[in-house]
Amino acid sequence: MDSSSPPHHHSNQNKTKIIVTMGATGCGKSRLSVDLATHFPHSQIINSDKMQLYNGLDITTNKIPLHERKGVPHFLLGDLDTIDADVLPSQFRSAAGLTIANIVSRGNLPLLVGGSNSFIHALLVETFDPQVDVFTGPDSVSHLLRYDCCFLWVDVAWSVLSDYLCERVDEMLESGMLEELAQFYDPTKVGVRVGLRKAIGVSEFDEYFRKYPPWESEANGRIPKEGCDQARKEAYEEAVRLIKDNTCILAKRQMGKIMRLRKAGWDLKRLDATATFRAMMMKKKKNKSSSAASSDLEWRDIWEREVMEPSVNAVRRFLQ
């Protein structure tokens with residue numbers, strides 16, 4: 001072999017091209033991936049969110065509802081029926097690797113989306129050591145990747161994202177999260193933190209359901225209304241507070257991991273969605289205070305301009 005020839009693994013020429021949408025929980029990754037998939041036909045989405053791999057708790061784990069997927073095929077989303085076992089990064093690496101190969105073999109473009117950065121890292125690096133956690137230890141993250149990746153990082157200023165995440169918890173509860181958790185509750189598994197039971201919301205409400213079992217009264221599986229038993233209302237509010245706190249802790253941790261990947265030389269294109277989320281929150285406030293619902297037009301315009309357009313341009317350049 002000619003010693004002057006460049007090493008092969010640095011070249012992206014023969015590598016499979018994939019789009020990777022990253023960001024903290026709640027920042028709009030799923031919306032962006034579907035928007036992109038409708039813009040680039042033949043795109044197919046692979047979920048890389050740990051809790052969304054499992055079948056069940058769709059509201060609690062924030063799975064994108066069917067009608068919002070706009071007919072775009074999604075893989076590794078709610079497929080896993082063994083909810084009492086953890087999925088290891090190495091297992092995700094092989095499952096998602098196979099999924100990417102299948103998508104590409106049919107002439108389609110893989111679009112990876114999700115907030116579990118340890119899974120994204122495990123899947124994308126050229127050599128993965130399951131014994132090493134690069135996010136907690138002193139070991140450095142490798143910048144040698146086995147795919148040719150276009151990274152899109154959706155970022156929202158913390159002051160705005162943290163407010164939004166707390167509001168989103170209230171909206172999830174209003175759309176049936178408590179009823180979903182009441183059906184999922186199993187008194188024999190309280191304190192067991194494995195598989196789908198690690199989803200934020202499960203352990204936080206275990207304590208509430210232990211005191212107010214859903215089967216004793218239908219009301220225990222519904223949001224306490226004004227004038228109900230004060231102790232039950234307080235127990236409910238404590239569970240909700242914990243969910244909000246733990247969601248914010250998760251988002252902070254995810255942001256830390258993204259910064260670590262960026263520092264290691266992963267070429268992440270930052271998309272600032274702060275103005276979009278600010279406009280979205282303003283609209284919600286207006287809708288609460290007035291009887292006439294204001295339109296989504298404003299925040300959608302900002303999203304189009306500040307997140308969607310730069311993403312489309314980045315992907316187009318990448319594919320050419």
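Student: Why is the pairing of Asp84 with Lys189 called a salt bridge?

Tutor: In this predicted model, the closest N and O atoms of Asp84 and Lys189 are 3.5 Å apart. The cut-off is 4 Å between a side-chain nitrogen of Lys or Arg and a carboxyl oxygen of Asp or Glu, so the pair counts as a salt bridge.

Student: What makes Lys70 and Asp35 a salt bridge?

Tutor: Their N to O distance is 3.6 Å. That is within 4 Å, and therefore the pair qualifies. The two residues are 35 residues apart and link distant parts of the chain. Lys70 lies in the loop between strand E2 (43–47) and E3, while Asp35 belongs to helix H1 (residues 29–39).

Student: How many salt bridges are found in the whole structure, and how many between domain 1 and domain 2?

Tutor: The search of the whole structure gives 16. Between domain 1 and domain 2 the count is three.

Student: Where do the two domains run?

Tutor: The domain assignment gives domain 1 as 17–157 + 264–319 and domain 2 as 163–246. Their C-alpha centres lie 27 Å apart.

Student: How do you know that the two domains touch?

Tutor: Contact requires heavy atoms within 4.5 Å, and 20 residues of domain 1 meet that rule with 23 residues of domain 2, so the domains are in contact. The area buried between them is about 1900 Å², with carbon and sulfur atoms giving 62%. On the domain 1 side, Leu57, Ile59 and Thr60 lose the most area to domain 2, together 31% of what that side buries. Nine residue pairs across this interface are in polar contact.

Student: What makes E5 and E6 a strand pair?

Tutor: At least two bridges are needed, and five join strand E5 (residues 148–155) to E6, so the two strands pair. They run parallel. Within this pairing, Asp155 has Asp272 in E6 as its bridge partner.

Student: Why is E6 called an edge strand?

Tutor: The open sheet has six strands in the order E3-E2-E4-E1-E5-E6, with parallel pairing. Strand E6 (268–272) pairs on one side only, as does strand E3 (74–75).

Student: Which helix lies across E1, E5 and E6?

Tutor: Helix H7 (residues 230–263) does, running at about 140° to E5.

Definitions and conventions. Residues are numbered from 1 along each chain as its sequence is written. This is a predicted model: local features need pLDDT of at least 70, side-chain atom pairs count only at pLDDT 80 or more; totals for chains, interfaces and linings use all residues. Side-chain values use heavy atoms; hydrogens and water are left out. Helices (H or I, at least four residues) and strands (E, at least two) are DSSP runs, numbered from the N terminus. Axes are lines fitted to C-alpha atoms, for helices over the stretch in contact, and angles run from 0 to 180 degrees between N-to-C directions. Domain bounds come from an automatic or database domain assignment. Buried area is the accessible area (1.4 Å probe) that two parts lose on being put together, summed over both. A polar contact is a pair of N or O atoms within 3.5 Å; within protein, one must be able to donate a hydrogen and the other to accept it, and residues adjacent in sequence count only if both atoms are side-chain atoms.
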